[in-house]
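Here is a friendly walk through one model, from its surface charges to its core. Keep the sequence and the 3D view open as you read.

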Amino acid sequence: MGLLEAFFYVIPGLFVVGGVYGVIRTLKRSRRISRTWRHGRTAEARCLRVYTTTSGGGEDSAVRTTLHQVLEFTTAEGRTVRIDETDGPSTVVEGDFVTVYYLPESPELATGQPPAQRKLAVGTGCLVLFLLVFVGFAVAFMIGVHWGFSEAGTGTDTGPDDWPCASYQTAGC
């Protein structure tokens, strides 16, 4: 296998690994949030700070603004926890109180998002589907490259000399 051939396997292979990793992370996150909403505890949290971050805005990319809310609450065991929640409701401002959902074993992974199982399922499903299509295209590309390189190495087509009318003596050309 030459360097060029390896390149056509390594790059799509990295896309496959990244896509599979994304699917696993997405499913784990969705499962954790769902479990937190269903089996977690609730606490009253105070919004300590609200701020935004921006990303993108380069040559051809759109600017994305993310809303952050710093929430602080006390667990049932008396532990004070501070979380930085992203994309929460824009109506929550500094000083407001919101309900947070947390699992006793990991209160630092709490969420101030109100339970929305269907929204979570649809969002997770769409992202997983997109990632699986992405992985599928990368695998199809690798299969196509493999087929192309294996056909090139079989000797069935050695180049222009085997093409019809390559020689001026061939009748009918």
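Is Glu 108 buried, partly exposed or exposed? Glu 108 is partly exposed, with a relative accessible area of 42%. Here buried means under 20% relative accessible area, exposed over 50%, and partly exposed in between (1.4 Å probe, protein chains only).

## Before we start

This is a predicted model, in which local features need pLDDT of at least 70 and side-chain atom pairs count only at pLDDT 80 or more, while totals for chains, interfaces and linings use all residues. Residues are numbered from 1 along each chain as its sequence is written, and side-chain values use heavy atoms, with hydrogens and water left out.

## Salt bridges

Let's stay with Glu 108. Its salt-bridge partner is Arg 79, with the closest N and O atoms 3.7 Å apart. A salt bridge here is a side-chain nitrogen of Lys or Arg within 4 Å of a carboxyl oxygen of Asp or Glu. Arg 79 lies in the loop between strand 2 and strand 3 and Glu 108 in strand 5, so this pair ties together parts that are 29 residues apart in sequence. Helices (H or I, at least four residues) and strands (E, at least two) are DSSP runs, numbered from the N terminus.

The whole structure holds five salt bridges. Among them is the one between Glu 77 and Arg 41, at 2.4 Å from N to O. Glu 77 sits in the loop between strand 2 and strand 3 and Arg 41 in strand 1, so parts 36 residues apart in sequence are tied together. Glu 77 is exposed, with a relative accessible area of 52%, whereas Arg 41 is partly exposed at 35%. Another joins Arg 82 and Glu 72 at 3.1 Å, N to O. That pair ties strand 3 to strand 2, since Arg 82 lies in strand 3 and Glu 72 in strand 2, 10 residues apart in sequence. Arg 82 is exposed at 55%, and Glu 72 is partly exposed at 26%.

## Strands and core

Strand 4 (residues 97–103) is largely enclosed by the rest of the structure, because five of its seven residues are buried. What does strand 4 pair with over six bridges? The partner is strand 1 (residues 41–56), in the antiparallel sense. Two strands are said to pair if DSSP finds at least two bridges between them. Glu 44 stands opposite Thr 99 of strand 4. Strand 4 also runs antiparallel to strand 5 (residues 106–111), joined by two bridges, and these two strands form a hairpin with two residues between them. Leu 103 has Ser 106 as its bridge partner in strand 5.

The largest nonpolar core has 12 residues, including Ala 43, Cys 47, Phe 73, Ile 83, Val 92, Val 98 and Tyr 102. Such a core is a set of buried Ala, Val, Leu, Ile, Met, Phe, Trp, Tyr and Cys residues joined through side-chain atoms within 4.5 Å. Strand 1, strand 2 (63–74), strand 3 (80–86) and strand 4 each supply at least two of its residues. Val 92 is in contact (heavy atoms within 4.5 Å) with Cys 47, Val 50, Gln 69 and Val 98, leaving aside neighbours within four places in sequence.

How many aromatic pairs does the structure hold? There are four. Rings of Phe, Tyr and Trp (its six-membered ring) pair if their centres lie within 6.5 Å; planes under 30 degrees apart count as stacked, over 60 as edge-to-face and the rest as tilted. Phe 8 and Phe 141 have ring centres 6.1 Å apart and planes at 50 degrees, so their pair is tilted. Phe 8 lies in helix 1 (residues 3–39) and Phe 141 in helix 2 (residues 117–152), so the pair ties together parts 133 residues apart in sequence. Ring pairs also bring Phe 7 into a cluster with Phe 8 and Phe 141.

Phe 15 and Phe 134 form a tilted pair too, at 5.6 Å centre to centre with 50 degrees between the planes. Phe 15 belongs to helix 1 and Phe 134 to helix 2, 119 residues apart. In helix 1 you will also find Thr 26, which is buried at 13%. Beyond its neighbours within four places in sequence, Thr 26 is in contact with Thr 124, Leu 127, Val 128 and Leu 131.
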